[in-house]
There are 2 protein chains.
Amino acid sequence: MALRHAVLAALLDGELSGYQLAKAFDVGVANFWYAQPQQLYAELTRLEREGLIAGREVVQESRPNKRLFQVTDAGLAELETFTAAATKPSFVRDDLLVKVQAADRVDTAALLTELTERAQMAQAKIDLFRSLLRRLRGDRTEEEFLRHGDRVGPYLTCLRGVAFEQENRDWCVRTIAVLEERRQLHARH
Amino acid sequence: MALRHAVLAALLDGELSGYQLAKAFDVGVANFWYAQPQQLYAELTRLEREGLIAGREVVQESRPNKRLFQVTDAGLAELETFTAAATKPSFVRDDLLVKVQAADRVDTAALLTELTERAQMAQAKIDLFRSLLRRLRGDRTEEEFLRHGDRVGPYLTCLRGVAFEQENRDWCVRTIAVLEERRQLHARH
DNA sequence: ACCAGCATGTAACCGGTTACATGATTGC
DNA sequence: GCAATCATGTAACCGGTTACATGCTGGT
């Protein structure tokens, strides 16, 4: 089980519903975890049954009722155990990189389109994460916030997200330039 | 099925045995895919059965015999189809980031150790990838190689690997500094 | 009228992980 | 003598993905 700790960590920010969590996990919760709604609802049910989170029904009028969840003491203890235990490093697994690996042996037209899209998606994420960072730190400087702010966890993971997506975007742009130049050279023969 | 294309792409460099592939995939083949030996042997069997790769037995004296595989025309066609089709973006999923997300609510001692280890592992990968890049480009400059070299795919993915691991290392170092400073502030109370 | 957003699930499937298994050679 | 490297697999499991399902409200 891997998602459970990501959910617990996400719920440290306060009470959230499954739907709200789903929105957060849809963009990857500041690029550190991605999950689909179905997975989350299932995981929330399990976590509640095990007493690691507590849910309460919130009745709404013009919308369907929802259940807000928060981490219990047992849940926090679980996170504590998890953080203390060693984990094996995670690896990148990206189809786009596989395609680039094969780029000099196959047609690159579609690949170039995809790389362009990826660069744009990366830029969109950068913008999103940057505004998130601004919201988190408020009117303090970054250094000030990281020293004395109360919830630096999300800020730090978000910084990683920004750096990752910048790298992503820059690499896409560079790769497009290289492949396009080689295409032209090849066309001229 | 996802691994199959990564294997096909890896085999574009020339004939390789399952064991050699396993070594490459163990470090993540320039950080674009990771897989275990068992997975590879199973996948190679499947790919050969489907005619996407062809294997030949190589008899060795002082070592167990091995089977070398190369991509067939059908395999190349499969790669072509794969590259032309759209893929959904991949997401980062890293336990270490989950831990950092929760860092201000749990004890960070073990986490700091792990971050240090990660920074070192990232540095080791950077060194590894850099030497790979040097080997690939030979005595040409990077620009020259990317313009006229014949196998730029591996070079480009390797560039991504270096950038990723640098980002990784820098973020670990930064995060350690932040968490450690907060620890001291908190200890003094 | 129709689509987007709110809100929550079930069930089947597949791919990746973990555990288990074997056996020879070379170097410390 | 022991560990590391070469070399190749099988089987059970689990977690993440895909497909399917429901129903109400508010805006264009």
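In this predicted model, the two protein copies meet through the same surface, because 100% of the interface residues of chain A are also interface residues in chain B. Chain A is superposed on chain B by a rotation of 180° with 0.0 Å of shift along its axis, at an RMSD of 0.0 Å. The two copies are thus related as by a two-fold rotation axis.

The largest nonpolar core contains 53 residues. Those with the most contacts inside this core are A:Val7, A:Leu21, A:Phe25, A:Trp33, A:Leu40, A:Leu156 and B:Leu115. Helix H8 of chain A, residues 152–188, gives the largest share of the core, seven residues. Apart from neighbours within four places in sequence, A:Leu21 is in contact with A:Val7, A:Ala10, A:Leu11, A:Leu16, A:Leu40 and A:Leu44. A second, separate core has 51 residues, among them B:Leu3, B:Ala30, B:Phe145 and B:Tyr155.

DNA strand D is surrounded by 21 residues, of which the closest are A:Met1, A:Gln36, A:Ser62, B:Tyr19 and B:Gln60. These surrounding residues divide into seven nonpolar, eight polar and six charged. At least two residues of the surface near DNA strand D are supplied by each of helix H3 (37–49) of chain A and helix H2 (18–26), helix H3 (37–49) and strand S3 (66–71) of chain B. The largest share, three residues, comes from H2(B). Of the atoms of DNA strand D within 4 Å of the protein, 68% belong to sugar or phosphate, and the rest belong to bases.

DNA strand C is surrounded by 20 residues, the closest being A:Tyr19, A:Gln60, B:Met1, B:Gln36 and B:Ser62. The surface near DNA strand C comprises seven nonpolar, eight polar and five charged residues. For DNA strand C, 68% of the atoms within 4 Å of the protein belong to sugar or phosphate, with the rest in bases. A backbone N or O atom of B:Ser62 is placed 3.5 Å from a sugar or linking oxygen of DNA strand C. Two or more residues of the surface near this strand come from each of helix H2 (18–27), H3 and strand S3 (66–71) of chain A, and from H3 of chain B.

How values were computed
Residues numbered from 1 in each chain as written. Chains lettered and ligands numbered in written order. Predicted model: local features only at pLDDT ≥ 70, side-chain atom pairs only at ≥ 80, totals over all residues. Heavy atoms only, no water. Least-squares fit on C-alpha atoms with pLDDT ≥ 70 in both. Contact = heavy atoms within 4.5 Å. Core = buried A, V, L, I, M, F, W, Y, C linked by side-chain atoms within 4.5 Å. Buried < 20%, exposed > 50% of the residue type's maximum accessible area, 1.4 Å probe, protein only. Helix = DSSP H or I, 4+ residues; strand = E, 2+ residues; numbered from the N terminus. Near = heavy atom within 4 Å. Nonpolar A, V, L, I, M, F, W, Y, C, P; charged D, E, K, R; others polar. Polar contact = N/O pair within 3.5 Å; in protein donor to acceptor, adjacent residues only side chain to side chain.
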